[in-house]
Amino acid sequence: MKKKIENLSMQTQLTVVILSVIVLAFGIILYSGYSGQARSFAEEYTSSTQTILEMDVANLDQYIQGLRIFCVQPCLNVSVYNSLLKRKPLSSSEISDIKQEIQSSYHSRTDIRSYSITAMNQDLCFERNAGVGGQHILSTPVKDTEISRPYIACGSNDKYEYLAPPDSEDVFFRYYHYLIRLRNREPVSLSYVDVDTTQLRLLMKNHQDYGQILCLYNSDGELLYSSSEDIRNQEEKEKKQLFGLHSDVENVNIGGISYLALRRTSEETGIVLLSLLPKSAWDDRARDFLLPLVMQIAVITICLIIIVTLMIRMITIPLKSLSYQMGKMGEGDFSPTAFGGGCKETCALTESYNDMAAHINELIETNYISSINEKNSRLQALEAQLNPHFLYNTLQAIATEALLADCQEIYDMIVSLSANLRYTIKGGELVRLQEELDYVDRYILLQKTRLGGRLEVTKKINPKVNLAVIPKISIQMLVENAIIHGMPENGAVLHIIIRVCMENNRLLISVYDDGKGILPEKVKELNDIFSGKSADTGNSIGLPNLASRLKILYQGEAGLFLESQGDQFTEVKMELPIRKRENENV
């Protein structure tokens with residue numbers, strides 16, 4: 001054997017060796033490329049599908065939230081809500097009101113197939129659907145068997161809702177929701193909405209590639225939708241096996257076919273969205289990759305001999321240049337730039353070095369600029385602290401001069417103004433009620449100096465709430481609003497009454513005046529701004545700003561309300577949850 005090899009020419013030996021290496025490399029590259037492409041596709045699909053499922057779940061949560069708000073709308077109609085609370089038989093006008101509410105609500109959305117409200121106290125169901133005769137609202141007696149399942153499911157849910165599987169192909173799912181009476185948690189009504197497949201079509205747009213199967217489950221594991229008829233026809237036990245996967249990414253077998261299962265569960269509603277990709281799609285995608293890979297390997301094989309002869313020179317010259325430049329960096333010179341060349345690795349190494357040098361130079365400049373900015377910021381902070389104290393000390397000096405000049409009234413005004421200035425620059429958003437009332441007294445003193453006998457203020461304060469904390473400069477803003485907008489133009493006296501009391505463990509603050517009053521349309525506009533139903537137009541500043549502060553400080557637990565009758569009175573009420581400072585009882 002050795003003699004036979006020795007008898008072969010060098011060209012033959014090199015040809016055999018090179019061909020053997022090429023064939024081996026060709027096979028390794030094909031295998032690794034095929035398996036790597038399949039793995040890459042699986043990872044890419046997993047990542048992108050998980051992102052899409054997360055967005056789909058968020059969209060479904062938002063959609064269900066819209067249905068939840070829709071089902072709560074009868075509470076906004078006082079007459080309808082009161083009718084639902086009644087235990088006595090409803091009159092014809094009350095039934096008509098409920099039907100009218102259902103009719104208007106039904107037409108407020110375009111994705112509803114059926115809408116029903118069951119009055120629990122009447123055992124009566126009002127229904128509007130899109131079927132035959134659907135333009136009329138039917139009121140029929142209710143059987144316990146018809147509502148027992150959704151009633152129990154809604155009761156066990158913290159949002160009192162339940163998503164039920166559809167009963168027809170043109171319905172995506174049925175949404176149940178019941179209203180309760182907050183006082184005794186007693187159910188008032190049970191509503192359901194059949195939604196059409198509009199949202200489903202939007203959902204399926206992102207899941208139509210590679211033969212994917214999409215499944216949607218409610219929080220109880222009931223299948224609401226599946227794009228696979230085989231899964232829809234399975235037994236309930238088999239359907240719930242997919243719902244009860246151990247992880248969000250898992251391999252499953254359905255009917256002898258292997259799938260990659262990706263799951264996303266909503267923390268808001270508990271719904272589960274499941275995407276199933278058949279593993280055969282991986283093989284198809286990898287096979288599509290083989291042909292261009294073979295062509296690339298053929299080109300590489302042809303160029304291999306030429307590349308090997310030039311490889312050493314292509315590598316060493318750029319490395320020598322890079323080594324010289326690194327020596328310059330060691331001497332502290334970051335400005336020169338190394339020029340790459342040769343193979344991809346040396347180009348990438350040179351580019352990384354250039355990026356590193358530029359980044360180090362940038363960090364040095366940034367550190368220098370940051371040091372200067374830090375000094376400027378400290379100077380500005382010191383100036384911001386000195387300016388209010390300078391003004392306060394100046395007022396104190398003027399007050400002393402007024403007292404020495406026996407100008408008691410001017411002295412009292414400056415002392416009040418100085419105390420109020422200190423109060424306003426004091427840190428913190430919340431203050432004791434008594435501190436705010438003292439601030440209001442000083443403000444009224446300044447206003448009485450200007451208005452004289454035209455202003456009379458009365459306070460009715462429950463002493464039990466003096467230690468409660470409220471937003472700073474809140475009562476003063478209400479008093480200021482009453483003086484500015486309520487002062488009569490005929491020179492009459494403006495009477496203001498400040499009331500503070502506690503009711504149902506909440507703090508009630510009101511400022512009443514008998515001034516000019518406010519037009520009804522302006523009252524409605526302001527109340528809508530306070531409640532968030534409309535945006536602030538910018539025409540009013542004080543009270544809308546106070547309402548915004550209350551929303552931020554109390555996260556929706558506080559409220560501002562306005563009531564007025566022209567030329568008679570205006571009253572602004574502020575309702576707050578009672579809060580206290582540590583070691584204080586209210």
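Start by selecting serine 191: setting aside its neighbours within four places in sequence, serine 191 is in contact with Cys71, Ser116, Ile117, Tyr175, Tyr176 and His177. Keep in mind that you are looking at a predicted model.

Is serine 191 buried or exposed? Its relative accessibility is 1%, so serine 191 counts as buried, the cut-off for that being under 20%. Now colour residues 186-195, and you will see strand β6, where serine 191 lies.

Next, zoom out to the whole protein chain. How many helices and strands does the protein chain have? There are 15 helices and 18 strands. Of the 586 residues in the protein chain, 38% are buried.

For the last stop, select residues 433-451, which form helix α12, and residues 475-486, which form helix α13. Two packed helices are described by the angle between their axes and the distance between the axes. Here the angle is about 25° and the axes are 9 Å apart. That angle makes α12 roughly parallel to α13, since angles under 35 degrees count that way. The crossing of α12 past α13 is right-handed.

Finally, show the side chains where the two helices meet. On the α12 side, look for residues including Leu433, Tyr439, Tyr443 and Arg450. Their partners in α13 are Ile475, Gln476, Val479, Glu480 and Ile483. By class, the contact of α12 with α13 has ten nonpolar, two polar and three charged residues.

Definitions and conventions: Residues are numbered from 1 along each chain as its sequence is written. This is a predicted model: local features need pLDDT of at least 70, side-chain atom pairs count only at pLDDT 80 or more; totals for chains, interfaces and linings use all residues. Side-chain values use heavy atoms; hydrogens and water are left out. Axes are lines fitted to C-alpha atoms, for helices over the stretch in contact, and angles run from 0 to 180 degrees between N-to-C directions. Helices (H or I, at least four residues) and strands (E, at least two) are DSSP runs, numbered from the N terminus. Angles under 35 degrees count as roughly parallel, over 145 as roughly antiparallel, 65 to 115 as roughly perpendicular and the rest as oblique. A crossing is left-handed if the near helix is turned anticlockwise from the far one by less than a right angle, and right-handed if clockwise. Contact means heavy atoms within 4.5 Å. Ala, Val, Leu, Ile, Met, Phe, Trp, Tyr, Cys and Pro count as nonpolar, Asp, Glu, Lys and Arg as charged, and the others, Gly among them, as polar. Buried means under 20% relative accessible area, exposed over 50%, partly exposed in between (1.4 Å probe, protein chains only).
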